[in-house]
Amino acid sequence: AETAGLKRQRPDFPAGQPAGGSAGGRAGRRISSPDFLAADPDQGDNSRLTYRLESDDDEFSFALENSNRRPVVLKTNRALDREKTDSYSLRLLAVDNGRPQRTGTLSITVLVLDINDETPVFEKSLYVASVPENAPKNTPVVTVRAVDGDQGANGRVSYRISRE
Ligand SMILES: [Ca+2]
Ligand SMILES: [Ca+2]
Ligand SMILES: [Ca+2]
């Protein structure tokens, strides 16, 4: 029952600000935040909220664990790959049960955290170098480079020589 004279309120997320979350590599990771809960000042049916997740770029990477139970939990639907996509923009909708239904929207950015799943790869699989037989000590012979697509320490490459 709604107090007479009160205007119907829309469900609202705290501060109405974009919220962030993060997820590592594998599927089924859960992401939750108090920011994901919307408040509806109405009472009864008008304030019973159902949550829905929307995304422009990728609708299959994330899902809601429950549409109408608290806490609101996002989970990954499949394994993510930071080297392909390092963040996702989602919209969380809170829909009340009143007539007409009213909706509050929260923007969520999910950053994909790096795991060390990339291996250093040399620019060439075989380098052929030559050096004169009388070359003095410390003569440069060949320059090689390997790259690793991971982030930070996971992608920092150091080199070692081993004898065959
Ligand atoms: Ca990867
Ligand atoms: Ca790596
Ligand atoms: Ca990685």
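**View 1. The largest nonpolar core has 17 residues.** Inside this core, L90, L92, A94 and V110 are the residues with the most contacts. By nonpolar core we mean a set of buried Ala, Val, Leu, Ile, Met, Phe, Trp, Tyr and Cys residues joined through C-beta atoms within 7 Å. A residue is called buried if 20 or more other C-beta atoms lie within 10 Å of its own, exposed if 12 or fewer, and partly exposed in between, with C-beta atoms placed from the backbone. Strands β6 and β7 each supply at least two residues of the core, and the largest share, five residues, comes from β6. Strands here are DSSP runs (E, at least two residues) numbered from the N terminus, as are helices (H or I, at least four residues).

A note on the model and its numbering: this is a predicted model, in which local features need pLDDT of at least 70 and side-chain atom pairs count only at pLDDT 80 or more, while totals for chains, interfaces and linings use all residues. Residues are numbered from 1 along each chain as its sequence is written, and chains are lettered from A and ligands numbered from 1 in the order in which they are written.

**View 2. Strand β6 pairs with β3 and with β7.** Two strands count as paired if DSSP finds at least two bridges between them. Six bridges link β3 (residues 50-55) to β6 (residues 87-95) in the antiparallel sense. Strand β7 (residues 103-112) also runs antiparallel to β6, and nine bridges join the two. Take a look at L90 in β6: L90 is the bridge partner of S55, and L90 also stands opposite I108 in β7.

**View 3. An open sheet of three strands has the order β2-β5-β4.** The pairing in this sheet is antiparallel. Its edge strands, β2 (30-32) and β4 (62-64), each pair on one side only. On average, neighbouring strands are turned by 30° against each other, direction ignored; axes are lines fitted to C-alpha atoms (for helices, over the stretch in contact), and angles run from 0 to 180 degrees between N-to-C directions. Three bridges hold the antiparallel pairing of β2 with β5 (residues 73-76), where I31 has L74 in β5 as its bridge partner.

**View 4. V144 sits in the loop between β8 (121-122) and β9 (146-147).** V144 counts as exposed because it has 11 C-beta neighbours inside 10 Å. Leaving aside residues up to four places away in sequence, V144 touches F122 and Y127; contact means C-beta atoms, placed from the backbone, within 7 Å. Y159 is 15 residues from V144 along the chain, and their C-alpha atoms are separated by 9.7 Å.

Definitions and conventions:
Two residues are in contact if their C-beta atoms, placed from the backbone, lie within 7 Å.
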